[in-house]
Amino acid sequence: MTQNLTDTHAAVRSTQAFESGVVPRRGDTVMVRGEGCWMIDSEGKRYLDMTSSQGVAMLGYGHPVLTAAIQEQAGRMHACPNFFHNDTRAEFLSRLISVTPEHLTRAFLGNSGAEAIEGAIKFARLATGRTGIVAARNSFHGRTVGALSITWNPRYRRKFEPLMPGVSHVHFNNIDQLEEAVGDGTAAVVLEVIQAEGGVHEGSADYLASVQQLCHERGALLVIDEVQTGFGRTGRWFGFQHFDLEPDIVALAKGLGGGFPMGAVVYTEQIQESLFSGAHGSTFGGNPLACAAGTAALGVYEDGLIEQADKAGRRLREALEAAIGVRRVVREIRGKGLLIGIDLRTKAVPFLKTLMEEHNVLALPAGSTVLRLLPPLTISDGEIDMAVEAIAATLPEGS
Ligand SMILES: Cc1ncc(COP(=O)(O)O)c(C=O)c1O
């Protein structure tokens, strides 16, 4: 048995070696199981997951409602092409549209965040007859060529240039720069209301309201990327609801299927009118297994999880402020709900390593100096306290 396990680990690690040139890995740990907010490795070590597997496992691992829905659908029908109607897909679509603001009546289903952004770019081009996109510095929208073109980080972009033409990047929260950048060739302004990967930077209410107004005045669409901030992550269904925005297009993924891979673009009836048959499509998008997972996840969100996440976010934020807020190493604690960035006066990665290796707590970086927390929305008070205690023990004391 032990021999087999060792062989399996060696095989797992050698498979990972093929991928490791692309995605940096955290040591040799082999994760094999999840339970609630915990990930468990092949040696039985348990880690408190303050990342939700990059923000997707919003219900934690093994949630009974999600698991049962996936199992039931897997036994009934796991694939069905989009040229047939499908009951599970129809149920999911009507549920999704019922939780988005009233003016967003249409949805396209894909498989990831980047794919949702690709859809948003194409729809904005068709609806406006224009090709320009204005995005923000520090933004992250994914790594397919279209999504990468509007992602800001030069490290991700440089080796793939030339990318999609017609894209400009302006400073986030600077309306003067946006006024200069948006013209009669601009199809859309694409923004995250809280830039997550870019360092957990929040848009100001004044700025976001002015962006929307400018888009209306100049005939550009407002596209909000809610891939990371959607489905209760910030304590509301969608991050833009903190700012009373009415985006024309919203890109969704991560929490949409409770961690099951899926993405979506939701948009207005007016945009639908500009689409032609075959304008966009996806073989896997809207597959019944993902849709069953999505319906189950939306049901759990609706059943009080978003309010619970709002409370949990406040508790986590207050506990962090009390434990480490005055320490010299901490420049600022920011974010909303259960998307929190601890901006340090030094690099974040060494602390992430200590948190994992010495305290069994998983967290993420955002930019170079920000330690980012995005736990499952199901996190308990006790787990919040454990995470805060571990972070306090990891960061240097001294004010
Ligand atoms: C705001 C935002 N948009 C888009 C993406 C890309 O999503 P995916 O990795 O599913 O393609 C991400 C991923 O982290 C994201 O945070």
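How many Å separate the centres of domain 1 and domain 2, taken over C-alpha atoms? The separation is 25 Å.

Before you select anything, note that this is a predicted model, where local features need pLDDT of at least 70, side-chain atom pairs count only at pLDDT 80 or more, and totals for chains, interfaces and linings use all residues. Residues are numbered from 1 along each chain as its sequence is written, and side-chain values use heavy atoms, with hydrogens and water left out.

**Stop 1: the two domains**

Colour 23-62 + 306-394 as domain 1 and 64-301 as domain 2. These bounds come from an automatic or database domain assignment. The contact (heavy atoms within 4.5 Å) takes 26 residues from domain 1 and 30 residues from domain 2.

Now show the surface between them. The buried area is about 2,200 Å², with carbon and sulfur atoms giving 61%. Buried area here is the accessible area (1.4 Å probe) that two parts lose on being put together, summed over both. On the domain 1 side, pick Leu59, Ile306 and Lys336: they lose the most area to domain 2, together 33% of what that side buries.

The rule finds 2 salt bridges across this interface. A salt bridge is a side-chain nitrogen of Lys or Arg within 4 Å of a carboxyl oxygen of Asp or Glu. Select Glu197 and Arg372, whose side chains meet in a salt bridge at 3.1 Å, N to O.

**Stop 2: the largest core**

A nonpolar core is a set of buried Ala, Val, Leu, Ile, Met, Phe, Trp, Tyr and Cys residues joined through side-chain atoms within 4.5 Å. Buried means under 20% relative accessible area (1.4 Å probe, protein chains only). The largest has 88 residues, and Leu96, Phe231, Tyr301, Leu320, Ile342 and Leu373 have the most contacts inside it. Helix α11 (288-324) gives the most, with 16 residues. Domain 1 and domain 2 both contribute residues, so this core lies between them.

Centre on Ile342. Leaving aside neighbours within four places in sequence, its contacts include Leu320, Ile324, Val330, Leu371, Leu373 and Ile391. Apart from this core lies another, of 25 residues, among them Ala114, Phe123, Val190 and Val227.

**Stop 3: helix α12**

Select 349-359. Helices (H or I, at least four residues) and strands (E, at least two) are DSSP runs, numbered from the N terminus. The buried residues of α12 are Phe351, Leu352, Leu355 and Met356. They span an arc of only 135° around the axis, which puts them on the same side of α12. That arc is taken from the directions from the helix axis to the C-beta atoms. Their cover includes β3 (46-49), β14 (339-344) and α13 (381-394).

End at Asn360, which follows α12 and has a positive phi, near 55°.

Terms used
Buried means under 20% relative accessible area, exposed over 50%, partly exposed in between (1.4 Å probe, protein chains only).
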